[in-house]
Amino acid sequence: MAFDTVFRAARVLIDGAFRPADVGVRDGVVTHIGEIGTGRDAESLVELRDGEVLLPGLVDTHVHVNEPGRTEWEGFESATRAAAAGGVTTIVDMPLNSIPPTVSVAALAEKRSAAAGRVHVDVGFWGGVVPGNLAQLGPLTEAGVFGFKCFLAPSGVDEFPAVTTEEMGEAMAVVAALGSLLIVHAEDAHTIEAAPHRGGREYADFLASRPGEAEDAAIADVIRFAEATGAAAHILHLSNAGSLDRIAEARRRGVDLTVETCPHYLTLTAEEIATGATVCKCCPPIRDAANRDALWRGLADGTIGVIVSDHSPSTPDLKNAGDGDFEVAWGGIASLQLGLPLVWTEARKRGLRLERVVDLMAAKPAARAGLADKGRIAAGAAADFAVFAPEETFVVDARSLEHRHPICPYDGRELTGVVRAAYLAGARIDREVPRGRLLTRRMEVAHAA
């Protein structure tokens with residue numbers, strides 16, 4: 001059997017464990033996994049060096065590319081270069097903050113047109129649920145979106161308004177009938193409105209304005225409607241560990257519910273955020289160290305099954321708006337390129353193995369989005385790989401990152417784990433030639449995590 005390329009390494013992540021292997025690739029697909037030396041008759045050989053491991057390409061299902069309409073915030077070229085530099089070979093783009101948002105088939109077509117020929121990794125798209133667009137969900141599903149996102153609190157942009165809990169329930173009934181997935185920004189608007197909003201440069205005041213109770217209340221509503229409708233639901237960017245028991249109990253009752261968290265909630269704490277450091281503002285907010293530790297326990301016991309970036313960049317003037325006033329500045333963390341080393345640096349301190357980290361950042365998000373051939377190294381899977389040096393360290397320099405603006409809360413931080421290269425469909429990704437594809441959800445794939 002002839003191969004286009006054989007990847008040879010002493011440590012290849014296969015079926016949840018590292019072992020020496022030859023991985024043969026033909027036509028962008030893994031066609032052979034065997035002992036070292038069994039991958040013969042290949043046009044090229046990629047042999048990893050000592051200290052490097054071969055991982056499946058990561059899958060990040062929570063990325064705000066912001067194009068078209070707000071390309072000055074990010075854009076498909078810069079976002080996908082950042083993804084590739086971080087070992088991420090597939091992203092799914094959020095339906096906001098682009099203009100128009102992806103709430104109709106026409107808007108999806110406009111977004112796909114903006115992305116065509118300009119992506120360095122494979123890109124899929126979420127649709128959006130906003131008041132009054134339920135009739136669009138069926139056509140958007142037919143057009144290939146991977147599911148639908150809604151907000152239960154203001155999104156931050158006027159063109160993507162939040163839905164009420166009742167409107168979310170109506171959307172869940174439609175999504176269930178379509179066999180799709182509803183992903184939810186779960187913060188309760190009424191709880192946030194009732195919280196103190198003093199504004200200013202002190203992080204404690206901002207944290208008080210987005211209390212954990214807002215997440216608790218919204219997650220309870222998501223569970224209630226998912227249970228009633230039988231819909232598949234997914235909680236986005238969980239920051240409040242106080243909701244974990246409720247989530248675990250719902251899953252024990254059979255509710256089709258999954259949960260993600262993000263590197264910033266796992267690596268940053270409220271105690272270390274300086275006065276005026278709006279580079280650390282996001283919603284829901286970064287909470288205290290005890291909460292961070294509890295999120296790690298939720299990962300360890302399986303209550304939280306996915307880690308994704310929630311890469312949400314903006315221009316420097318928006319991120320620094322209000323001269324350090326947390327109430328005024330744009331909320332969003334740019335970390336798409338750094339996710340794996342951020343999580344691995346913290347995980348290794350806590351005894352969480354690299355195999356598990358990759359499962360949370362590749363296989364699990366791929367499975368929930370219905371990307372059946374992504375996130376794993378297996379015969380028949382996409383030949384998307386990351387070459388990773390897990391013991392090597394580096395210091396983050398925000399100016400050298402590939403995303404559009406040099407704004408990052410990790411600037412100057414030493415991290416462990418270096419992504420040496422990424423491969424898409426068996427070919428090495430470079431920053432000059434965009435070879436990524438625009439993906440559509442295959443309707444026969446079930447949304448099972």
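How many salt bridges does the structure hold? The count is 32. Keep in mind that this is a predicted model.

**Salt bridges**

- As background, side chains of opposite charge can pair when their charged atoms come close.
- Let's start with Glu52, which pairs with Arg49 in a salt bridge whose closest N and O atoms are 3.1 Å apart.
- Next up are Glu249 and Arg252, whose side chains meet in a salt bridge at 3.1 Å, N to O.
- Both Glu249 and Arg252 belong to helix α8, and they lie three residues apart, about one turn of the helix.
- Glu249 is partly exposed at 34% relative accessibility, and Arg252 is exposed, with a relative accessible area of 62%.
- Then there's Lys374, which forms a salt bridge with Asp384, with 2.7 Å between the closest N and O atoms.
- Lys374 and Asp384 are ten residues apart, and each is in the loop between α13 (354-369) and β15 (385-395).
- Lys374 has a relative accessible area of 4%, under the 20% cut-off, so it is buried.
- Asp384 is also buried, again with a relative accessible area of 4%.
- Some charged residues join up in a network: salt bridges link Arg292, Asp293, Glu346, Lys349 and Arg350.

**Thr5 in strand β1**

- You'll find Thr5 in strand β1, which covers residues 3-14.
- Is Thr5 buried or exposed? With 9% relative accessibility, Thr5 counts as buried.
- The Thr5 side chain makes a polar contact with the side chain of Ser44, at 3.1 Å.
- Setting aside neighbours within four places in sequence, Thr5 touches a handful of other residues, among them Val23, Val25, Ala42 and Gly426.

**Where α7 meets α8**

- Helix α7 (residues 212-229) and helix α8 (residues 244-252) have axes that come within 10 Å and cross at roughly 5°.
- That angle is under 35 degrees, so α7 and α8 are roughly parallel to each other.
- On the α7 side, the contact is made by Asp216, Ile219, Ala220 and Ile223, and on the α8 side by Arg246, Ile247 and Ala250.
- Sorted by type, the residues of this contact are five nonpolar, no polar and two charged.

Key: Residues numbered from 1 in each chain as written. Predicted model: local features only at pLDDT ≥ 70, side-chain atom pairs only at ≥ 80, totals over all residues. Heavy atoms only, no water. Axes fitted to C-alpha atoms, helices over the stretch in contact; angles between N-to-C directions. Helix = DSSP H or I, 4+ residues; strand = E, 2+ residues; numbered from the N terminus. Parallel < 35°, antiparallel > 145°, perpendicular 65-115°, else oblique. Contact = heavy atoms within 4.5 Å. Nonpolar A, V, L, I, M, F, W, Y, C, P; charged D, E, K, R; others polar. Buried < 20%, exposed > 50% of the residue type's maximum accessible area, 1.4 Å probe, protein only. Polar contact = N/O pair within 3.5 Å; in protein donor to acceptor, adjacent residues only side chain to side chain. Salt bridge = Lys/Arg side-chain N within 4 Å of Asp/Glu carboxyl O.
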